[in-house]
Structures are given as structure tokens and as C-alpha cells.
Amino acid sequence: MIIDGERIPVGHRRVHTVVNPATGAALGALPLADAADLDRALAAAQRGFREWRDAAPAQRAAVLAGAARLLRERQEQIARIATLEEGKTLAEARIEVMMNVTLFEFYAGECQRLYGRQLVRPTGMRSTVMCEPVGPVAAFAPWNFPIGNPGRKLGAPIAAGCSVILKAAEEAPASALAVLQTLLDAGLPKEVGQAVFGVPDEVSRHLLGSPIIRKLSFTGSTVVGKHLMKLAAEDCKRTTMELGGHGPVLVFDDVDVDQVLHAMVASKHRNAGQVCVSPTRFIVQEGVYARFLSGFAERAAKLRVGNGLEEGVQMGPMANARRPEAMERLIGGAVSAGARLHTGARRLGEAGYFYAPTVLSEVPPGTRIMNEEPFGPVALINPFRTEAEMIAEANRLPYGLAAYCWTRDAARQRRVAREVESGMLCINTTALGGSDAPFGGVKWSGHGSENGPEGLMSCMVVKAVHEG
């Protein structure tokens, strides 16, 4: 933990054991916050907000740009920490560091573009609209992107002039602390950026129960998100919620099947499928269904699974012991209900949390895996006849985070873009998002955006001032 600039030792506090998911071995003991720690963090955040809201835009920009430079310099060290804690391949972790670099650089520029506007009024009157920082932010980040998620949670509030208390995942604390440390080393006042860890429900209730906190930013499951929104509603706090997904992939019969497979097999197994925007339900038109299914299963079976630090590994372990257990329940239930298994559906190795890439087809729509986010290396591939049926299946669930579409038909691309209910849509690509693009969902996948100008504005409140 980093509270008011101090790294908190274990002492007599409760601890969480951080585990390497590739080996199951302990990496260290993480001290957990108690109520006194959280009160100290809240008091510091209140002081930090009073200071940082008045900081010049150039000062905020200098901190963010400086942190971006330090992230570049420390890329290999931070990436290695993330692979040890979360399991993803070292190549993926390096990319994740660079995601933060580009985001901090983007927000450094946005610090100079927090515009208001002056309204047209009769002579002798003036009406202006201005944006002000919302206040101290409580930001909750999950374990699946242990570098990128903390970067998103810290970057926007700091650019806006807010203080922030980051509660990152206990499974990957050193990654989050490394990101925060770059900001502190770049000159961020110690009261403005802090990080706490603890029993999740205790921390969330304590922080969100305080009137000091004026905004909640959360990335995680829909179930937990709904719970936190209820807590935030008690004090009418602003919220940005990036929740679960169940990514539909529409594959029409006019595509180059090999091109689609090349993109989607890699995308499906990024971070062992533990990605909120992971492609999951493959909605394939009948004309290419057989080729797509056989090609996907063949490629998935050949993926090299192993320790993410090893050269040539294409997929690392799952992040914790809960994930293989969840895969067994969901996949086993689908197969029992009649789904066809083509590859995978088994644990790998004697140590760690490895699970084989799995391909299921003809999965009954009523199975849990077709209705709950699996968050793992499993592809669900079903055939459909018409465009209307495919769009209906894409929209069937209450989730609407990311969706994918593959077709050469320009008119169909526009129809899909209009009809599919999602916060983000990729057409003939998997390049979803960017530092300048809003990232967020609709329906049960949440509300509000991170990244882009929209992410920064989510940390601002609007004030209208009328003068006579």
C-alpha cells in the first residue's frame, strides 16, 4: 500500500499471499488495510484534492508526461512483475505497459483542452459553462490487466485535477504499485495518488461510505458492479462502470475464412481469455460454418501453453485457482447439455493454473456458458442462417460491451453497426480501443467511458455561471 506517500509494511496487519499462477508458489505477503489506514487515506485524498484542483494544467501535464517516460524506461521490469503475478505472456505485458504510456501522453495533452464555453446573451450579461474536477475518486481495478487497469483508473482523475485512491487487485499488487510509483516519481503530490489493498467488501463500504469520495470508478463483474452502484447511490456519487461482457462475433459467409481465423484465434486466447472484451460467442453463417469450426479447433489445439516468461509461449496460465474451477463447471455443464467438444476441456500440467484452449459447437442457448461470461480460453461456435438471426443472437443477452463483425458487404457493415447493441464494435479487425477512443459498454456492461476525452470528462462536473 502507498498511503500519503508512505509504503505501508506488513507489521501486525492481516496479509494476503500473492501467488505465481504459473507455479503456484508464493511471491510475497501483501498487507491489508484496516479502518485506520482507510481513514488516513481519505484524509490525505481530501487534502490532495484541495491542492491538485488548483494545479496549473501544465503541471498536471508534466506529471503525466514524466510518468510516461518512466514507464518506457521501466517497461521490462514492470512487464516481468505483471507476468509473475497474473500469468500473461511477457510479450502481452510489454504491450500493456505501452498502453499506459500512450494513455498518459494523451491525457497530458488533454490537460490543455478542458474547455468551457460562453453563451450568447444580451449586452451587460454574461453566461459561461465551465468544467470542474468532481473531487476525490475511489477507483477499483481488477487483476486481469494489472498494469493497464490501474493506469486507466489513475490517468483520467489526475488529468482532471482530482485526487484518487486506487484499490487494485490483491492478486497483482506490485504491478499496480509500479504504475503509481511512476506518477509519484514524476512529481505527483503524495496526497493526490494513493493505493490501498484489503478485504474487498470492507474497503468498498468504507471508501464509498465516506462523503469525501465524490466518484466511483469500477472495472469488474456485473454482480459486484451492481452492489457498488447501490453503495454509491446512498451518497449520490458519480459512477463510471465497466462491467462484464459476452462478446459476440458475427462471421458472414462472404469472408476470407483463413484471414478471420488468423485474427480471432489469437484474440480469443489473449490473456487466456480473461479479457472483458474477449470474443466468446462465434455466430457463424452456415456457408462457412464447417470450415470456420474445423479451422478454429485445429489452430486452438496447436497453441503453445506455458509459463508466460518462457520464449515462444502463446498463452499463459489462468490467473488464480478459481478460474480453472469455473471452466470445468461451465464447460462440463455445456457438454452434459449436448454441446460438442472439439478440443481442450482439461487442465494442463502438474503445477499452476493452466487450462487447455477449448472449442465447443452446437451449444444450447440455455446453458450457463451461453449466458454467463466464461472469462477463459473457450470459444462457443454455433451456426446461423440469416443476418437477422445472427443480429438477434448478438443482442440476446443483457450484456453490451464489445462485439465483432466480419463481412465484405459495406451495406451490411452499416446495418450491423446500427443494430448491434454494444458500446464498442470492431468490423473486420480486432483492434479495439485506443488512448483517444472511449472504452465502455451499455446495458449490463455498464455506463460511462474510460480513455479518450470522454474518460477525462467523466471526472469533471459542469457548472453554469450567470452574471448580470
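Trainee: Two strands pair if DSSP finds at least two bridges between them. Which order does the open sheet of three strands have?

Mentor: The order is S5-S6-S24, and the pairing is antiparallel. Helices (H or I, at least four residues) and strands (E, at least two) are DSSP runs, numbered from the N terminus. This is a predicted model, in which local features need pLDDT of at least 70 and side-chain atom pairs count only at pLDDT 80 or more, while totals for chains, interfaces and linings use all residues. Residues are numbered from 1 along each chain as its sequence is written, and side-chain values use heavy atoms, with hydrogens and water left out.

Trainee: Which strands stand at the edges of that sheet?

Mentor: Strand S5 (117-119) and strand S24 (460-467) do; each has a single partner strand, so one side of each is left without a neighbour in the sheet.

Trainee: Over how many bridges do S6 and S24 pair?

Mentor: Strand S6 (residues 126-133) pairs with S24 over eight bridges, in the antiparallel sense. Within that pair, arginine 126 stands opposite glutamate 467 in S24.

Trainee: Turning to the seven strands, in what order do they form an open sheet?

Mentor: That order is S14-S17-S18-S13-S12-S20-S21, with mixed pairing. Strand S14 (340-343) and strand S21 (424-427) are the edge strands, each pairing on one side only. The twist in this sheet averages 20° from one strand to the next.

Trainee: How many bridges join S17 to S18?

Mentor: Strand S17 (residues 358-361) and strand S18 (residues 378-384) run parallel and are joined by four bridges. Threonine 358 is found opposite valine 378 in S18. Helix H11 (residues 322-336) packs on the sheet, touching S14, S17 and S18, and the direction of H11 makes about 30° with that of S17. Contact here means heavy atoms within 4.5 Å.

Trainee: How many residues of S12 are buried?

Mentor: In strand S12 (residues 247-251), five of the five residues are buried, so S12 is largely enclosed by the rest of the structure. Buried means under 20% relative accessible area, exposed means over 50%, and partly exposed lies in between (1.4 Å probe, protein chains only).

Trainee: Which residues point one way from S12, and which the other way?

Mentor: Gly247, Val249 and Val251 point one way, Pro248 and Leu250 point the other way, and all are buried. S12 runs parallel to S13, and five bridges join the two. Glycine 247 has proline 279 of S13 as its bridge partner.

Trainee: New topic: how do the axes of H3 and H6 cross?

Mentor: The axes of helix H3 (residues 75-86) and helix H6 (residues 173-185) come within 8 Å and cross at roughly 155°. H3 and H6 are therefore roughly antiparallel to each other. Angles over 145 degrees count as roughly antiparallel, under 35 as roughly parallel, 65 to 115 as roughly perpendicular, and the rest as oblique.

Trainee: Which residues make the contact?

Mentor: H3 contributes Ile78, Ile81, Ala82 and Glu85, and H6 contributes Pro173, Ala174, Ser175, Ala178 and Thr182.

Trainee: And where do H7 and H8 stand: how close do the axes come?

Mentor: The axes of helix H7 (residues 200-208) and helix H8 (residues 222-233) come within 9 Å and cross at roughly 25°. H7 and H8 are therefore roughly parallel to each other. Asp201, Ser204, Arg205 and Leu208 of H7 meet His227, Leu228 and Leu231 of H8 in the contact.

Trainee: Is glutamate 96 buried or exposed?

Mentor: Glutamate 96 counts as buried, because its relative accessibility is 1%. The residue lies in helix H4 (residues 90-110). Leaving aside neighbours within four places in sequence, glutamate 96 is in contact with Lys88, Phe145, Pro146, Ile147 and Gly148.

Trainee: What is the phi of alanine 272?

Mentor: Alanine 272 has a positive phi of about 55°, although it is not a glycine. Alanine 272 is in the loop between helix H9 (257-268) and strand S13 (279-285), and counts as buried at 2% relative accessibility. Lysine 443 also has a positive phi of about 55° without being a glycine. Lysine 443 belongs to strand S22 (residues 442-443) and is partly exposed, with a relative accessible area of 35%.

Notes:
Axes are lines fitted to C-alpha atoms, for helices over the stretch in contact, and angles run from 0 to 180 degrees between N-to-C directions.
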